[in-house]
Amino acid sequence: MAAPPAIDVDGLRVVRGGRVVLDALSLAVPAGTVTGLLGPSGSGKSTLLRAIVGVQVVEGGTVTVLGLPAGSAGLRARVAYATQAASVYDDLSVHENLAYFAAVLGTPAAGDVERVLREVGLTGEAGDVVGRLSGGQRSRVSLAVALLGAPELLVLDEPTVGLDPLLRAELWDLFHRLAGSGKTLLVSSHVMDEATRCDDLVLLRDGAVLARATPAELLARTGAADAEEAFLRLVRTAP
């Protein structure tokens, strides 16, 4: 018997500012995988992620996460969410931010903070005030906060934006190690070359699922040489 999906979205409809952002969107994300949510800016990626973590008002449909309705109190320690904007305190150091959030989560601060600092490559900046860091470094601090504790699902909104190629590659390696340990990751990106780093792909356009496939299936289906060209071919042939 197949395991239930980590995320099950059925007929989701979201309207913001009088505009339909997501319309009758359905999607299932298998547990223990790195699923990439790809699409251009304005395609509805961030809105979908917000609905999954339970902070988006929806007009219709259902979103079930780890067997519970999205936003349920029982999911607070099981789901981690990193937004595009760094959700940390600029007047605290990197270590102070992590120690604070570890205390909020009720995790053993010392070992957990050191672990996530290593994982995101910020050990050398642990004492630096966050407000003085670069944009990419601040994004890494937010990612480190999301990794605190033992979340079963990580929802990451463009976590590699502004990072150099080496660090991006290291973070994708980390994402796959986390999936290998049983965690589920849903990672959004508008950078199409990151598609090949995912186990499974969901391509969004105008609030609808344009395609769902593995990277190999996507290239085979379109006959394209890379994910960007595959996306363009799908757009051109869409009804």
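Visitor: Which element gives the most to the lining of the largest pocket?

Guide: In this predicted model, β6 gives the most, with four residues. β6 spans 79-82, and α2 (94-105) and α4 (135-147) also give two or more residues to that lining.

Visitor: How much space lies in the largest pocket, and which residues are closest to its centre?

Guide: The space is about 430 Å³. The lining has 19 residues, with V79, A80, Y81, L105 and V145 closest to the centre.

Visitor: What makes V79 and Y81 lining residues of the second largest pocket?

Guide: A lining residue has an atom within 4 Å of a point of the pocket. V79 and Y81 are among the residues that line the second largest pocket, as are I52, V53 and R76, so each of them has such an atom. That pocket has a volume of about 190 Å³, and both α1 (45-53) and β6 supply at least two residues of its lining.

Visitor: How do the linings divide by class?

Guide: The largest pocket has 13 nonpolar, five polar and one charged residues in its lining. For the second largest pocket, the classes are seven nonpolar, three polar and one charged.

Visitor: Why is S139 called buried?

Guide: Buried means under 20% relative accessible area. S139 has 18% relative accessibility, and therefore counts as buried. S139 lies in helix α4.

Visitor: What is S139 in contact with, leaving aside its neighbours within four places in sequence?

Guide: Contact requires heavy atoms within 4.5 Å. With those neighbours left aside, S139 is in contact with Q84 and A86.

Technical notes. Residues numbered from 1 in each chain as written. Predicted model: local features only at pLDDT ≥ 70, side-chain atom pairs only at ≥ 80, totals over all residues. Heavy atoms only, no water. 1 Å grid on protein atoms, 1.4 Å probe; cavity = no way out; pocket = protein on both sides within 12 Å on 5 of 7 lines; lining within 4 Å. Points joined across faces, edges and corners; volume = space filled by probe spheres on them. Nonpolar A, V, L, I, M, F, W, Y, C, P; charged D, E, K, R; others polar. Buried < 20%, exposed > 50% of the residue type's maximum accessible area, 1.4 Å probe, protein only.
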